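Hi,

Here is the structure I promised to pass on.

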Number of protein chains: 2
Amino acid sequence: MDDLVAGLLAGKVRPLAKAITVVENDRPGKRELLKKIYPQTGNAYLLGITGPPGAGKSTLTDKVIVKLRQQGKTVGVIAVDPSSPFSGGAILGDRIRMQQHALDDGVFIRSMATRSHLGGLSKSAVDVIHLMDAAGKDVIIIETVGVGQDEVDIVRIAKTTVVVMVPGLGDSVQIAKAGVMEIADVFAVNKADRDGSDKLISELRAMLDMVKNKEKPEIFRTIAVDDTGIDELVQGIYAHGDRVLETGLLRKKIVEIAESELRAYLLDTIMERSTNMASYEDVVKRVADKKITPMDGVDEIFIGLGLQKQN
Amino acid sequence: MDDLVAGLLAGKVRPLAKAITVVENDRPGKRELLKKIYPQTGNAYLLGITGPPGAGKSTLTDKVIVKLRQQGKTVGVIAVDPSSPFSGGAILGDRIRMQQHALDDGVFIRSMATRSHLGGLSKSAVDVIHLMDAAGKDVIIIETVGVGQDEVDIVRIAKTTVVVMVPGLGDSVQIAKAGVMEIADVFAVNKADRDGSDKLISELRAMLDMVKNKEKPEIFRTIAVDDTGIDELVQGIYAHGDRVLETGLLRKKIVEIAESELRAYLLDTIMERSTNMASYEDVVKRVADKKITPMDGVDEIFIGLGLQKQN
C-alpha cells in the first residue's frame, strides 16, 4: 500500500492505474488509499466539457489535450458515459479517438460508466478525480455526454465548464430547456463553418442577456477537426479560471465541490446500506403490492438502519 | 382534505391541480393525502417519451395526445426539465406548444423541474404521477429532455418508453454513447423526411443486433409536424404494452417501479435530514478545508443521524 501511494504521488502511470482499479472495484484498502492521498489533492485544474451528443465533444477534447500538452501540462481525462444497464460499462469510442495519446505518459484517459442506481456524479468518479489530482495531473478534464443531472453535478465539481454546442440541434427553446445557460462558464460553438452558427450564437447571446447575477460566458467558435479556434478556447478557459480567483469566487466553488463530493458519498452509502438490509427486498415487494406506500417503506428502512422514522 | 381526495378521485381538474400544489410545495397534509390516494394508483399507462434536444419530442408528444384523445382516453403529461439553478423552474415552451389542450378537461399538463440536489427522478415527479393516476388519467406521459440519468430512471417507471431520434445528431458511436439502446421499448425516428433518416435507421438496426437478451424495439418513422406516422406509433406503443403483459414481464416491471419510487424517497429523505442537521455546514466546511475526507464527513453525518458509521 505504501509503495502504491508513493508511486502514485510520484506521478507514475502504473500505480495510478492500479489505484483506480482498487477504487472502481471497491477492493480492500480503498478507504485507506483515499485517506492517504486526500491531503495531496486540490491542485489540479478541473475542467468540465459537456454538450449534446453529436456536438463533437470528443474531438474537441482531443484538440484541447494536444494544446495543453504543448504547454507542458499533464492531463487526466475522465469520460463519463451514461450507464449501460446491459454492459455496465463505458463505450470505447472516446478511447479509440484518443488513442494517439496512448504512448504519452503525460496523458491518462479513463472511461467510466455513471452508476445508474445512484444518480448524480458517482463517488467512483469523484475518487478517480482525487487519484489523478494526487498523481499530479495539471488539468483533469471531465467529459460528459448529453445534458442532464450529470452535467448539473459537474458544474459544481469543475472550476470551469465548457458547453459545446453545434448548429442545427434546435431552436432557442431547446437551448433553454437544456439548461446550459446556467452551467456554462465558456461556450464553444463547434462545427462553426456550418450553416446556422451565426444564428446559434445570436440566440445564445439573446438567452444570456436574460440571465442575471452571473458573469456572461465567453463564446468561442471552433472547428475541432481542423484545430480552428482551439488556441483561443484554451486561453478563454484559463481567463475564466483567473477571474474565478480574482472575484473571490474560488472559496465558494471549493465549498460547492466539497458539498457535491459529500453528497455523492452520502447517497452511495445510504443506498449501499439499504440494499444490504435483509428486509430490503421484502419492503420493495410490499410497496409493489401497494400494501405500504413508498414513504412507509422508507420509514421501515430507516428504522432498520437504526434511525428514527421521518416525522 | 376529504373533499380534496374525493374530488381528485372523481377526476375533477381543480382538486388535482390543488393536490399537485400541496405535493410540490411540501404543504402540510401532503403525506396524508398521498397515503389516501395510493391504493387507487396503478391503473394508468405510464408512457415515457425521451430523446435529445431538437428531436421534436414536444411536437410528437402533442400529436400523440391528440390521437389518444380521439380514442377517448384521458391524458396526464409531466414534462420533466433539467433543473435551472437560477429559476428553479421549468421552461414554458412545452406549455406554449400544448396550449391547444388548455380547454380540454381530458388533458392535464404539468411542467416540472427535476430537483438538482437529489439526482434521478425526484419524488415530487413520482408523487405527481400518483396523483394523476389516482385522478383516473388513462395514460400518463412523462416527457424528458436530453439523455442522462433522468432517462435511465424513466425506463424503470414507465411501462413503455419511446425514444425519439432525429437524423443528423451524430453517428452510431453517438447513438451508443447516448445509451438509448437499453432504455428504448419503441423508437420514433422523427423528421423522417430529412436526409439521413435511412442511414439513422440502418445504424439503429445494426446497434440493436448487438443487443442481446432483450426484445428488439420496433422503429417507427414519424413526421410529427404533419401527423405522419403517429397512428402507427400509438399502435406500436400499445402493442409493446400488450407484449409486456403476455410475457409475464409486468410483475418484474411493477417491482422495478416500486424500487425506483422507494429509492427516490430514500435519497430525498436522507438529503433532507442531513442538510437539516445543525452540524451539516460545519462538516461541509471541514471537507472543503481538507481537514476530513468526504468519507469521514459521511461517517459524522451518519453518527449525527443516529446511525453507526459505515463499515
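Residues are numbered from 1 along each chain as its sequence is written, while chains are lettered from A and ligands numbered from 1 in the order in which they are written. This is a predicted model, where local features need pLDDT of at least 70, side-chain atom pairs count only at pLDDT 80 or more, and totals for chains, interfaces and linings use all residues.

Chain A has 14 helices and seven strands (DSSP runs numbered from the N terminus: H or I of at least four residues for helices, E of at least two for strands). Of its 311 residues, 53% are buried (20 or more other C-beta atoms within 10 Å of the residue's own, with C-beta atoms placed from the backbone).

Now to helix α14 of chain A, residues 294-304: eight of its eleven residues are buried, so the helix is mostly covered. Among them are P294(A), M295(A) and F302(A). The buried residues of α14(A) pack against α12 (249-275) and α13 (280-288) of chain A, and also against α3 (30-37) and α12 (249-275) of chain B. After α14(A) comes G306(A), with a positive phi near 95°.

One more pair to look at: the axes of α1(A) (residues 2-9) and α2(A) (residues 13-24) come within 7 Å and cross at roughly 120° (axes are lines fitted to C-alpha atoms over the stretch in contact, and angles run from 0 to 180 degrees between N-to-C directions). The contact involves L4(A), G7(A) and L8(A) of α1(A) with P15(A), L16(A), K18(A) and A19(A) of α2(A) (contact: C-beta atoms, placed from the backbone, within 7 Å).

Best wishes

Methods:
Buried ≥ 20, exposed ≤ 12 C-beta atoms within 10 Å, placed from the backbone. Contact = placed C-beta atoms within 7 Å.
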